[in-house]
Amino acid sequence: VQLQASGGGLVQPGEFLRLSCAASGSIFSIGAVGWYRQAPGKQREMVALMSSGGSTDYADSVKGRFTISRDNATTVHLQMNSLKPEDTAGYYCNADIRAYGSGRYVSYWGQGTQVTVSS
């Protein structure tokens, strides 16, 4: 099982990006999913979460600008609008995944995708 994140890049303040995270492998089911970010010299922080039931939660700093969504059983997106320089960070997806033959969910991380917001 692995997670592959994509969609990062260099944008100007006020622009948007859409991050994607695709899960692959012997997946039986995916539970909660989320996006986290880590800026240089700072701790990794939660950006957006979605429970297996579809409820969402966001960091205060991104509420109203970012939206987490799932468009199928194995892909999660993070729509980021009105980007600010302080959104610059490496963005990581996370998912609780139950593999075939396993009776429990395990937390997996994607490799990260860099988002840089600068004029």
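Strands here are DSSP runs of E, at least two residues long, numbered from the N terminus. Keep that in mind for His 77, which is found in strand β8.

Quick ground rules. This is a predicted model, so local features need pLDDT of at least 70, side-chain atom pairs count only at pLDDT 80 or more, and totals for chains, interfaces and linings use all residues. Residues are numbered from 1 along each chain as its sequence is written, and side-chain values use heavy atoms, with hydrogens and water left out.

Stay with His 77. Is His 77 buried or exposed? Buried means under 20% relative accessible area, exposed means over 50%, and partly exposed is in between, with a 1.4 Å probe and protein chains only. At 6%, His 77 is buried. Now its contacts, meaning heavy atoms within 4.5 Å. Leaving out residues up to four places away in sequence, His 77 touches Arg 18, Leu 19, Ser 20, Trp 35, Thr 67, Ile 68, Ser 69 and Asp 71.

I need polar contacts for that. A polar contact is a pair of N or O atoms within 3.5 Å; within protein, one must be able to donate a hydrogen and the other to accept it, and residues adjacent in sequence count only if both atoms are side-chain atoms. The side chains of His 77 and Arg 18 make a polar contact of 3.4 Å. The side chains of His 77 and Ser 20 make another, at 2.8 Å.

Ser 20 sits in strand β3. Ser 20 is buried as well, with a relative accessible area of 18%. Not counting residues up to four places away in sequence, its contacts are Gln 4, Ala 5, Ser 6, Trp 35, Val 76 and His 77.

Next, strand β4, residues 27-38. Nine of its twelve residues are buried, so β4 is largely enclosed by the rest of the structure. What does β4 pair with? Two strands pair if DSSP finds at least two bridges between them. β4 and β9 are antiparallel, over nine bridges. One example: Ser 29 has Arg 98 in β9 as its bridge partner. β4 also runs antiparallel to β5, residues 45-50, with five bridges. There, Val 33 is bridged to Met 50. β4 and β5 form a hairpin with six residues between them, and Gly 41 in the turn has a positive phi of about 80°.

Follow the chain of hairpins. Three bridges join β5 to β6, residues 56-58, again antiparallel. Ala 48 has Tyr 58 in β6 as its bridge partner. That hairpin has five residues between the strands, and Gly 54 takes a positive phi near 100°. Asn 94 is bridged to Trp 109 in β10. In the β9 and β10 hairpin, with six residues between the strands, Gly 101 has a positive phi near 85°.

Which residue other than glycine has a positive phi? Ser 82, with phi near 50°. Most residues other than glycine have a negative phi. Ser 82 lies in the loop between β8 (75-80) and β9 (89-99). Ser 82 is partly exposed, at 39% relative accessible area.

Now Gln 38, in strand β4. At 31% relative accessibility, Gln 38 counts as partly exposed. Its C-alpha atom is separated by 5.3 Å from that of Gly 90, 52 residues apart along the chain. Beyond four places in sequence, Gln 38 touches Gln 43, Arg 44, Ala 89, Gly 90 and Tyr 92. A polar atom of the Gln 38 side chain lies 3.1 Å from the backbone oxygen of Lys 42.

On a 1 Å grid over the protein atoms alone, a cavity is a set of points where a 1.4 Å probe fits but cannot get out, and lining residues have an atom within 4 Å of a point. How many cavities of 30 Å³ or more does the structure hold? One. The largest cavity has about 50 Å³ of space, a volume being the space filled by probe spheres set on the grid points, which are joined across faces, edges and corners. Its lining includes Leu 3, Cys 21, Ile 30, Val 33, Val 76 and Asn 94. β3 (17-24), β4 and β9 each supply at least two lining residues.

Notes:
Helix = DSSP H or I, 4+ residues; strand = E, 2+ residues; numbered from the N terminus. 1 Å grid on protein atoms, 1.4 Å probe; cavity = no way out; pocket = protein on both sides within 12 Å on 5 of 7 lines; lining within 4 Å.
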